[in-house]
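Subject: Handing over the structure

Hi there,

Here is the structure I promised to pass on to you. Have a look at it first, and then read on for what turned up in it.

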Amino acid sequence: MSEILVALAGNPNVGKSTVFNALTGLNQHTGNWPGKTVGSAQGRFSTAAHDYVLADIPGTYSLMPHSAEEIAARDFLCFGGAKALIVVCDGTSLERNLNLVLQAMELRIPTVVCVNLMDEAAKKHISLDLPLLSQRLGIPVVGTAARKKRSLKALTDALDRICEEETPQAGYAVRYSPVLEGAIALLEPDVANISGRFDSRWLSLRLLEGDSELLCQIRAHLAPGALESESLQRSLDAARTYLMEERISTREDLEDAMATALVNAAEALCRGVVHTPANSDRLDRKLDKVLTSRLTGYPVMLCLLALIFYITIAGANYPSSLLSAALFRVQDWLTALFTGWGAPDWLHSLLVLGVYRVLAWVISVMLPPMAIFFPLFTLLEDSGYLPRVAYNLDGVFQRCSACGKQALTMCMGFGCNAAGVVGCRIIDSPRERLLAILTNNFVPCNGRFPALIAILAMFFAVGGPFAGVFPALLLTATILLGVGTTFAVTKLLSRTILKGVPSSFTLELPPYRAPQVGKVIVRSVLDRTLFLLGRAAAVAAPAGALIWILANVQIGGISILGRCAAFLDPLGKLMGMDGEILTAFLLGFPANEIVIPILLMSYLGQGTLPPPTNLSEMHALLTAKGWTWVTAVCVMLFFLNHWPCSTTLLTIRKETKSLKWTILAAVIPTAVGMLLCIAVSSMAKFFCIFLQ
């Protein structure tokens, strides 16, 4: 039985990826903001009648694209070869979602409309007459609540039926304004002779639009020279002249006319189908008055951020101690194993005291904070709060001459800067996309959070029942400094090497939803915590071996690592740190997670890490090496502002296709970090002298 390719389309935030996951069983992340998916994921599922390949295309509001993900969605639907189409709609805002349904139906692909989130619609007392809508559209319309997998049986049954129809139903056709219909009538007879697999009415509209990129792809699917025939060109000229006489002279005018007709058609189709109480979204509106207002939006945002950091700091110490003890016992077992084998001391030292101890340190110190922080952050994401954060920050980015969508990519950077860089594809303007890419590293990624949290807990914790409050507030302030630096550098770049006017964009505020706590925990542990830990371990192991070699191979009685640290020490002292710290940052280029382990190995001077330790023991080691609160602040500032990790830089090189912008992406944050560290160190020295 051959597989049938089915496209899965829909607006952002309608539960499309949840439908995809439920049907295919794949664990696709379902972020609650537009632009989360910029590629097409595929999975397989089967019914009693057919085997299917389901392609989850990027979320899009329209097939008249204004962003990279909308172009990708349109191109897949037009040229991807899908034999059937499922359009997922939000049952709580059906009329708005029908805009995409009506445009998709013009492609004449066998289509099923999946009205999802029926459970949320019921909670808001919204009733939908889906049989009536199906009758009006002329295609199957089924209601689902994708979180409950059993509700998808009606969807797969409808998909089987449309795939078995020899002659697909024509379905509803949008009637445009008399002027536009007149232009189509002038053009369609000639288009019908060359349209091939495309619908002649749809192709007529595309010729009138004149999108050169789209027409180039259409041309590749038609007979050679079909679009250049004299008869077609005469008809096209006549149709365009007629439109110009009726004051539709540009592509924007034409799209406005089509959009107006689509909105009117969706409104007419929903009349009598959707029954909405006057206060169905009353709770959402009340919450938005608090979470998005100028008076309370920012304070609530800061309090939530501080609360997450407090829970993370307060909850990480005990599990970190347990992991440390367990991993140290494993090291004793490995030592006994090597001794029993008669392995030479250098091999035992390299593999156990070098490679294994680095891995043990990474796991014991970084796993607990990540395992707490990521689920909490994901809960905010799934609840629909992150788009409100982007909404609050949009005005600031506009004043920086940047695109408001940069707020979304900045939020992605909190998870991973490389992911944030890829997410910049959602920004249409090349200038604004570069601004977002060059400044994404100023917000700390997952790999930097554990080190920031550990330093705060060691040097700025206070006693009592609220021991974690002060470090949490300081971490919040540190994050705000990163966000503020993002604004400042964005403004500076937009006034110098990347001048321009900010563009506008549409940001949808999805309804608030109760997060699925169990799935959030599983997803955050698997998708983020373990993935990040695995990446850290993958670079920590070879880095541990390299650092062991550098620390144990001596030249003139001094190790290579010691010579590097001595060379960098003057610069380190100027920045409020020391040569060992700068060396650790340099050798931690593969991943930020291993900077602290490298530093501890360097401080020992014997080429091996200390046993996996808790924060109090680590604090004792650092203070013995001369760390003060000034050192801790400078290290945190440099963690916040220095070159991106290797993965992020490679991603920037791939996205920009430019070595120049890649180098600038490393130089800009490093320069900012050095200046901040020098300023803090100098002020601290000045006040110490002044107070004496």
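Let me begin with S401, which counts as buried at 16% relative accessibility, since the cut-off for that label is under 20%. Please keep in mind throughout that this is a predicted model. S401 sits in the loop between helix 15 (386–399) and helix 16 (406–415). Although S401 is not a glycine, its phi is positive, at about 60°.

H125 also has a positive phi of about 60° and is not a glycine either. Is H125 buried or exposed? With a relative accessible area of 62%, H125 is exposed. You will find H125 in the loop between helix 4 and strand 6 (127–128).

Helix 4 itself covers residues 118–123, and K123 belongs to it. K123 is exposed too, its relative accessible area being 65%. On the surface, K123 gathers with R147, K148 and R150 in a patch of positive charge. If you plan to look at surface charge, that group is a place to start.

Next, the strands. Why can strand 3 be called largely enclosed by the rest of the structure? Strand 3 runs over residues 51–56, and five of its six residues are buried, so the rest of the structure largely encloses it. Its pairings are as follows:

- Strand 1 (residues 3–10) pairs with strand 3 in the parallel sense, over six bridges. Within this pairing, I4 has Y52 of strand 3 as its bridge partner.
- Strand 2 (residues 41–46) pairs with strand 3 in the antiparallel sense, also over six bridges.
- Strand 2 and strand 3 make a hairpin, with four residues between them.

Now to the charged pairs. Side chains of opposite charge can pair when their charged atoms come close. How many salt bridges does the structure hold? There are 17 of them, and I picked out a few for you.

One of them joins D56 to K16, with the closest N and O atoms 2.4 Å apart. D56 lies in strand 3 and K16 in helix 1 (residues 16–24), so this pair ties together parts that are 40 residues apart in sequence. Both ends are covered: D56 counts as buried at 0% relative accessibility, and K16 counts as buried at 7%.

Another salt bridge links R234 with E230, where the closest N and O atoms are 3.9 Å apart. R234 and E230 are four residues apart in helix 10 (residues 230–245), so about one helical turn separates them. In contrast to the buried D56, R234 and E230 are both exposed.

R271 and E267 also meet through their side chains in a salt bridge, at 3.9 Å from N to O. R271 counts as exposed at 51% relative accessibility, whereas E267 is partly exposed, with a relative accessible area of 37%. Elsewhere, salt bridges that share partners join R74, D75, D211, R251 and E255 into one network.

Terms used: Residues are numbered from 1 along each chain as its sequence is written. This is a predicted model: local features need pLDDT of at least 70, side-chain atom pairs count only at pLDDT 80 or more; totals for chains, interfaces and linings use all residues. Side-chain values use heavy atoms; hydrogens and water are left out. Patches are made of residues with over 30% relative accessible area and no salt bridge: like charges are joined within 9 Å, nonpolar side chains (Val, Leu, Ile, Met, Phe, Trp, Tyr) within 5 Å. Accessible areas come from the Shrake-Rupley method with a 1.4 Å probe; for residues, only the protein chains shown count as cover. A salt bridge is a side-chain nitrogen of Lys or Arg within 4 Å of a carboxyl oxygen of Asp or Glu. Lys and Arg count as positive and Asp and Glu as negative; His and the chain ends are not counted. The place of a charge is taken as NZ of Lys, CZ of Arg, CG of Asp or CD of Glu. Helices (H or I, at least four residues) and strands (E, at least two) are DSSP runs, numbered from the N terminus. Buried means under 20% relative accessible area, exposed over 50%, partly exposed in between (1.4 Å probe, protein chains only). Two strands pair if DSSP finds at least two bridges between them.
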